Amino acid sequence: MATFLYKLGRLSFRRRRYVALLWVLLLGGIGYASSAAPAPPADSFSMPGTDSQKAFDLLDERFPAASAEGATARVVIRAPEGEKITDPAAKAEVDQLVAALGKGAQVAGVADPYKANAVSKDGSTAYASVTYKVISTELTDKTRDALTDATDKTRAEGFTVETGGDAVQAEQEMGGSAELIGIAVSAVVLVITFGSLIAAGLPLLTAIIGVGIGVSGIAALGSVLNLSGTTSTLAMMIGLAVGIDYALFIVSRYRAEIAEGREPEEAAGRATGTAGSAVVFAGLTVIVALAGLSVVNIPMLTKMGLAAAATVAIAVLIALTMIPALLGFAGKRALRRKDRKNLKSRADSKDSKGKGLTKSGAAHSTTDAEKTRPNLGTRWARLVLRRPVTVLLIGVLGLGAVAVPATSLELGLPDEGTSAPDTTQRKAYDLLSESFGAGFNGPLMVTVDTGGTKDAAAAAKTVGTSLAKVDGVAAVTPASVNPAGDTAIITVVPTTGPSDHKTEELVKTIRSKASGLEADTKSDVLVTGQTAMTIDFSQTLDDALLPYLGLVVGLAFLLLMLVFRSVLVPLKAALGFLLSVAAALGAVVAVFQWGWLADIVGVDQPGPIMSMMPIFMIGVVFGLAMDYEVFLVTRMREAYVHGARPAEAVVTGFKHGGRVVGAAAVIMISVFSGFIMENDDMIKMMGFGLAIAVFFDAFVVRMAIVPAVLALLGKSAWWLPRWLDKLLPNMDVEGEKLHKSLTPSSSPAAEDELEDRDNDEDRELEPVRG
């Protein structure tokens with residue numbers, strides 16, 4: 001692979017104008033297609049195969065006018081102090097409100113509280129249910145304004161009026177601030193890392209082009225593939241982070257090759273052949289992790305994962321082709337001004353002597369300078385090698401302590417009970433709980449389908465009578481039968497709230513009784529509603545967690561064996577990932593569930609962690625964690641294959657890759673942290689979880705635990721059974737074949753310099769090895 005990528009890098013360098021033009025034209029073409037494409041569809045949520053989804057599909061077919069998946073609003077009205085909502089004057093005011101709520105082209109119907117038995121026992125409060133013909137994201141501003149105007153008018157008469165339901169939830173769109181913050185911080189980190197505006201600008205430029213192509217492609221294909229607007233959120237988040245990182249590693253390797261005296265075209269080829277190989281396998285691990293979300297069998301997650309995976313693939317292709325092309329334009333200007341001067345002085349010295357560098361003079365002075373001033377990565381690696389057990393214990397115990405809150409993890413989906421206390425949704429939720437009971441905020445819908453016969457009313461009555469006797473049921477409303485008479489809906493009100501564990505048990509109890517009821521009534525009995533959908537969603541994710549984890553870790557393990565030609569290194573990588581993701585989940589629980597630092601992060605109301613968060617973090621963080629494993633350990637493997645001792649290889653990996661990996665991690669953290677500022681709770685939690693996970697994995701696991709484990713394992717770290725070594729194809733990720741093929745063309749002076757530098761490094765490492 002390294003040889004192929006070496007040739008690809010040189011070709012892109014020589015044909016830089018065509019390569020750059022091709023990517024720019026592709027961006028323009030896809031951008032135009034996205035602008036001309038129909039608007040993307042609204043978000044839709046479905047879970048094929050679950051009872052709740054089957055019931056929703058049945059209601060759409062048998063009750064088309066009811067708009068089972070349409071938006072809803074619950075308008076809660078409380079009479080002024082000392083009055084009752086049943087008083088004639090109050091009733092007249094409520095009647096006017098109901099009439100006003102029923103106006104509008106998108107309104108499917110309004111339930112009169114006095115006819116629907118929606119008045120509290122103390123007579124102080126009533127609520128009207130409004131249903132719409134379309135889902136919440138398709139409601140027009142005129143419809144939303146009509147709802148607000150009607151409630152404001154009644155509120156002005158002295159009544160307490162609060163509104164809940166998805167019809168009143170404002171659409172939360174990405175404001176663009178997250179991307180801008182991430183790019184700004186990334187630019188600062190790149191300038192500090194490279195010391196050159198040109199070198200810093202290359203990763204930013206290519207990442208923006210890659211994300212632009214990915215997001216525009218999602219928009220262009222949105223109506224065809226049913227990709228909603230929020231599908232691009234994950235693609236943008238991941239694509240921007242990995243796009244910068246992949247380009248960063250290739251540019252960094254290019255600068256190192258230039259510093260060793262190679263011509264720009266040769267340096268670009270070698271950088272693409274070596275660092276590019278790591279980029280390919282790092283990208284593959286991310287793609288596998290994201291595409292693996294398909295096994296969960298939730299269309300929304302599948303689309304988000306595949307869209308993000310496609311964007312990562314684009315980032316890899318751009319890094320392998322456009323970066324070498326842009327380096328062709330930059331040439332040696334990708335180096336710092338100081339480095340260019342040093343390079344020129346060495347070239348002048350070479351010309352004045354009439355021959356290459358010798359073991360004295362320039363080569364020795366450079367090595368002496370490096371020896372007296374080892375970089376931070378070298379010093380850190382030596383420290384870890386001297387105290388590997390101590391570093392390992394501190395790292396493992398520290399992350400273990402952070403992971404402790406994860407043992408209290410409570411999963412669920414956000415509801416109005418977790419909204420900020422000052423919102424109208426939360427106030428409506430509290431009013432309903434106080435006046436009617438907590439279960440009124442999460443009623444269950446039970447469908448009774450007689451399979452074509454017209455005796456649904458009698459069957460529903462039998463089912464309702466039976467369910468009213470179940471513990472945990474507060475009320476059962478009379479059945480609503482469709483015009484054909486073959487399907488009925490019963491509303492079951494629990495005694496507990498929608499997020500209460502007892503409500504989940506009630507759903508399970510009703511479903512367990514359904515088989516007996518179906519036999520008695522010769523009908524199908526299904527439980528649905530928002531609360532049941534949430535329960536089924538959590539259960540679906542729980543069932544898919546272990547298969548997904550096995551698939552992703554298993555495939556990535558095989559990829560890493562191909563990269564490192566080792567069994568223990570991939571195993572160590574997987575175990576380190578599990579430790580970092582557990583610590584990240586612990587931090588998420590502490591902030592979003594327990595409320596620690598909630599004001600700083602912007603959490604309005606602590607509550608259960610979103611059900612999709614664990615499986616989502618496992619997928620995304622695993623791919624990103626393997627990025628750093630591949631980039632850092634590949635350099636160690638490269639040194640080991642070329643003859644370095646195990647301890648030397650660890651130091652070499654940190655000497656050349658530690659600073660770059662650290663910068664890449666800071667960039668990725670900054671990109672993810674920017675999304676914490678978004679209003680969407682899901683995006684906020686995702687941004688925080690990914691940022692803290694990258695921090696733990698990059699700076700604790702990869703920078704501390706990995707070198708400590710490698711120091712303890714020694715040569716055993718690179719052990720691979722002979723039979724497996726013969727079975728696995730040699731992908732030459734470390735560039736051994738490439739190095740051998742290029743060595744004959746290398747100048748004797750360059751070989752002398754390389755040998756002299758290695759001898760100096762051997763002398764430096766004698767205390768470490770001893």
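Here is a walk through this predicted model, from the whole chain down to a few single residues.

The protein chain holds 27 helices and 11 strands. It has 770 residues, and 53% of them count as buried. If you take the contacts in the chain with a separation of 6 or more, 80% of them come from residues 24 or more positions apart.

Now look inside. The largest nonpolar core has 162 residues, and Ile238, Tyr246 and Phe672 touch the most other members. Helix H11, residues 299–330, gives this core its largest share, with 18 residues. Apart from that core lies another one of 23 residues, including Ala90, Val94, Leu139 and Leu147. Back in the largest core, pick out Phe672 and see what surrounds it. Leaving aside residues up to four places away in sequence, Phe672 touches Met237, Ile238 and Ala241, along with Leu624, Gly687, Leu690, Ala691 and Val694.

Ala2, Leu5, Tyr6, Gly9, Ser12 and Phe13 are the buried ones here. They cover an arc of only 130° around the axis, so they sit on the same side of H1.

H15 has 16 residues and reaches 22 Å from its first C-alpha to its last, close to the 22 Å expected at 1.5 Å a residue. Which residues of H15 are buried? They are Pro388, Val391, Gly395, Leu399 and Ala403. Because they cover an arc of only 95° around the axis, they end up on the same side of H15. The face turned away from that buried side carries Ile394 and Leu397, both exposed.

So what covers the buried residues of H15? The cover includes helix H14 (376–386), helix H20 (568–593) and helix H24 (681–713). Take H20 from that list: H15 and H20 pack at an angle of about 40°, with their axes 7 Å apart, and their crossing is left-handed. On the H15 side, Val396, Leu399, Gly400, Val402 and Ala403 take part, and they meet Leu579, Ala582, Ala583, Gly586 and Ala587 in H20.

Some loops deserve a stop too. Ser419 is in the loop between strand S5 (411–412) and helix H16 (424–436). Not counting residues up to four places away in sequence, Ser419 touches Gln425, Arg426 and Gln605. Ser419 and Asp681 are 262 residues apart in sequence, yet 10.0 Å apart in space, C-alpha to C-alpha.

Finally, have a look at two backbone angles. Most residues other than glycine have a negative phi. Lys522, though, has a positive phi, near 55°. Lys522 is found in the loop between helix H18 (501–521) and strand S10 (524–528), and its 70% relative accessibility is why it counts as exposed. Leu597 also has a positive phi, near 55°. Leu597 lies in the loop between H20 and helix H21 (598–601). With 56% relative accessibility, Leu597 counts as exposed.

Key. Residues numbered from 1 in each chain as written. Predicted model: local features only at pLDDT ≥ 70, side-chain atom pairs only at ≥ 80, totals over all residues. Heavy atoms only, no water. Helix = DSSP H or I, 4+ residues; strand = E, 2+ residues; numbered from the N terminus. Expected span 1.5 Å × (residues − 1). Buried < 20%, exposed > 50% of the residue type's maximum accessible area, 1.4 Å probe, protein only. Arc of directions from axis to C-beta. Contact = heavy atoms within 4.5 Å. Core = buried A, V, L, I, M, F, W, Y, C linked by side-chain atoms within 4.5 Å. Axes fitted to C-alpha atoms, helices over the stretch in contact; angles between N-to-C directions. Left-handed = near helix turned anticlockwise from the far one by under 90°.
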